[in-house]
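Here's a quick briefing to read with the model open beside you.

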Amino acid sequence: MKKLALFVSFAAILMVGCKEDDPIVPEIICDTDIVNVPVAGTEDEDIFVTFTSNVNWTASIKENAAWVSVSPASGTSADGRVKLIVLPTEENDPREATLVLAADTAVKEIKVVQAQVDAFSLAETSAEVGEEGGNVDIKAMTNIEWTVTIPSDCDWVSLVNVKAYGEAVKTVKVEPYDELDGYREVTLTVAAGGQESDFTISQYGPVSCLWSVDMRDYVAMTASFTNSVDETVPTNVSMALYDGNVVVCAGDGTYPVIIDKATGAKKGELNTGNVKPGYITNDDAGNLVFCSRVWNYWVDYVFFEVYYMTPGSSEVKKLVSCHDDEYYPSYIGAGLSVKGNVTGKAAIAAPWEGVAGVTGDNMVLCWQIENGAKVGSYVKGTLTGFVGIGWLAGYWMQSPDNFPGFALISDTLADGAVFACYDENVLYYVDQNFACTALAAEILDSNNTPNAMDVRTINGKQYLAVSGGTYFPQWCNPPMRIVDMATKAVVAEPVTHSFNIGDDAVTVGASAAVRMEETEGGMIVYHINNNCSVIEAIRVQLD
């Protein structure tokens with residue numbers, strides 16, 4: 001009996017030992033992988049996560065996210081539930097944390113997600129676009145859907161289906177804008193989440209004034225330019241388009257100044273040898289044509305002669321000479337008009353100056369050029385049929401150093417010219433007999449000295465550029481006008497500028513010299529204002 005009892009007791013011990021060696025596998029069961037918590041936090045709402053575990057467990061927030069906590073932090077297998085305590089968010093982006101449930105070696109991670117606060121704001125509320133147009137990115141700081149609406153009457157802005165910077169950018173395309181000195185603006189409506197914002201796009205057209213230079217930086221202001229800027233109109237200064245540059249002549253015995261046609265920068269001086277130009281211009285072929293300026297016959301007389309230089313050449317060639325013709329005029333050479341090609345066929349005309357009490361014949365001296373040489377002798381014509389200053393019946397005796405505006409129409413003298421003089425607002429046509437008939441009225445301002453004239457064929461049409469100074473600049477500021485010679489209509493009024501000379505000086509934007517050059521869709525007008533304080537290049541659009 002004792003042996004049996006011992007055996008039974010030993011068996012029982014073995015049985016007990018076998019049960020303790022069979023380990024329990026820790027386990028956590030939760031059907032939830034993600035918990036979305038409210039933007040406003042859990043102050044007014046309880047969020048629980050329920051699970052089961054066969055052993056004691058712990059709960060924690062991974063990486064200790066400050067905006068969410070869990071309670072309780074531990075428990076037994078009999079109680080598998082924790083509460084999430086979440087702070088409200090003011091973030092514009094969603095935020096996440098991880099709830100970690102651990103039961104010994106068993107771990108369950110649950111993502112906790114709090115949505116963003118809906119927000120929308122534009123990074124910029126306007127954009128400025130150049131004449132070339134292009135894309136404009138409207139950038140928003142947002143986490144919601146948004147739209148851009150373009151006014152129905154705007155045909156120069158359109159939406160582009162690109163996302164250069166992701167969903168927070170919408171792109172619009174702005175068309176090119178070619179109106180000179182133009183400006184346009186449109187306001188787009190950007191809508192998101194029930195709120196609207198304005199986005200303004202402004203666009204400037206190309207600037208008409210390509211460059212503007214104070215001539216005093218290049219040429220000394222001497223009496224040859226002006227005696228008293230606010231009282232007289234100097235006409236000594238002249239200009240030409242030559243060899244890809246603008247060339248400016250002071251008319252005071254110095255060499256002309258070469259100016260970069262594209263930038264207005266001074267490039268140097270043009271060497272004309274022993275001949276110092278009194279007035280320069282260019283023919284239609286781009287040759288530089290210039291003449292001497294003749295004063296009183298009895299005082300240091302210089303023969304009136306016309307010379308030319310071809311582009312790329314430094315050789316000065318004589319074209320005509322009054323000495324050869326045995327004719328010796330005085331007070332001539334302040335103006336010169338040339339049409340055609342002086343190396344082939346051309347016409348040349350030089351009006352007499354109007355010097356108070358000295359000249360008074362209303363004359364123009366002309367030559368016809370064929371095959372690069374004059375044909376016969378000079379032609380001297382007396383202008384008739386115009387009014388001028390009524391009580392003086394002419395264009396002379398007007399103001400110091402003044403000459404009328406006179407521009408040949410073609411390379412044939414018989415085709416005539418355009419003429420205008422002081423105190424009238426009438427353009428005249430001058431026929432081959434030098435008789436004047438009204439060409440167009442109300443183009444010039446009264447009290448104007450329209451001695452700046454240029455006739456050129458631009459894109460197949462002939463145009464006249466006309467401007468000038470005024471004897472009394474405090475009375476008016478004569479504009480520059482571009483006239484269609486076929487219709488006699490003013491097609492453009494380029495805006496000119498001036499720089500002040502002294503604190504009390506009166507300066508006006510009228511021209512002492514003007515030249516036109518063809519460009520795509522229009523022309524560039526180069527001019528020097530009437531006190532020679534500014535030279536500039538101005539773009540003009542033509543239909």
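Residues are numbered from 1 along each chain as its sequence is written, and side-chain values use heavy atoms, with hydrogens and water left out.

**Confidence**

- The chain averages a pLDDT of 83, and 80% of the residues score at least 70.
- Among the elements of the chain, helix H1 (residues 2–20) has the lowest mean pLDDT, 43, while strand E28 (residues 337–340) has the highest, 98. Helices (H or I, at least four residues) and strands (E, at least two) are DSSP runs, numbered from the N terminus.
- Residues 1–18 have pLDDT below 50, and beyond near neighbours in sequence this stretch has 0 contacts in the model.
- Where pLDDT is low, the predicted coordinates should not be read in detail.

**A buried strand and its partners**

- How many residues of strand E26 (residues 305–309) are buried? It's 5 of the 5, so E26 is largely enclosed by the rest of the structure. Buried means under 20% relative accessible area, exposed over 50%, and partly exposed in between (1.4 Å probe, protein chains only).
- Glu305, Tyr307 and Met309 point one way from E26, and Val306 and Tyr308 point the other way; all are buried.
- Strand E25 (residues 288–291) runs antiparallel to E26, joined by 4 bridges. Two strands pair if DSSP finds at least two bridges between them.
- Within that pairing, Leu288 stands opposite Met309 in E26.
- E26 also pairs with strand E27 (residues 317–321), again in the antiparallel sense, over 4 bridges. There, Tyr308 has Lys317 in E27 as its bridge partner.

**A four-stranded open sheet**

- 4 strands make an open sheet in the order E12-E18-E17-E14, with mixed pairing.
- Strand E12 (126–129) and strand E14 (146–149) stand at the edges with a single partner strand each, so one side of each is left without a neighbour in the sheet.
- Neighbouring strands of this sheet are turned by 20° against each other on average, direction ignored. The axes are lines fitted to C-alpha atoms (for helices over the stretch in contact), and angles run from 0 to 180 degrees between N-to-C directions.
- Strand E17 (residues 183–192) and strand E18 (residues 195–204) run antiparallel and are joined by 10 bridges. Val186 has Ile201 in E18 as its bridge partner.

**Aromatic rings**

- A search of the whole structure turns up 11 aromatic pairs. Rings of Phe, Tyr and Trp (its six-membered ring) pair if their centres lie within 6.5 Å; planes under 30 degrees apart count as stacked, over 60 as edge-to-face and the rest as tilted.
- Trp211 and Tyr526 have ring centres 6.4 Å apart and planes at 45°, so this pair is tilted.
- Trp211 lies in strand E19 (residues 209–214) and Tyr526 in strand E42 (residues 522–529), so the pair ties together parts that are 315 residues apart in sequence.
- Trp211 counts as buried at 5% relative accessibility, and Tyr526 is buried at 2%.
- Phe386 and Phe419 have ring centres 4.9 Å apart and planes at 75°, so that pair is edge-to-face.
- Phe386 sits in the loop between strand E32 (379–382) and strand E33 (405–408) and Phe419 in strand E34 (residues 417–420), so the pair ties together parts that are 33 residues apart in sequence.

**Charges over rings**

- Arg81 lies over the face of Phe48, 3.9 Å from the ring centre. A charge sits over a ring if NZ of Lys or CZ of Arg is within 6 Å of the ring centre and within 35 degrees of the ring normal.
- Lys170 has its charged end over the ring of Trp146, 4.9 Å from its centre.

- The peptide bond from Ser71 to Pro72 is cis, with omega near -5°; Pro72 is in the loop between strand E6 (68–71) and strand E7 (74–75).
- Asp243 isn't a glycine, but has a positive phi of about 55°. It counts as partly exposed at 42% relative accessibility.
- Tyr331 isn't a glycine either, and has a positive phi of about 55°. Tyr331 lies in the loop between helix H2 (322–325) and E28 and counts as buried at 11% relative accessibility.

Notes. pLDDT = per-residue confidence, 0-100. Contact = heavy atoms within 4.5 Å.
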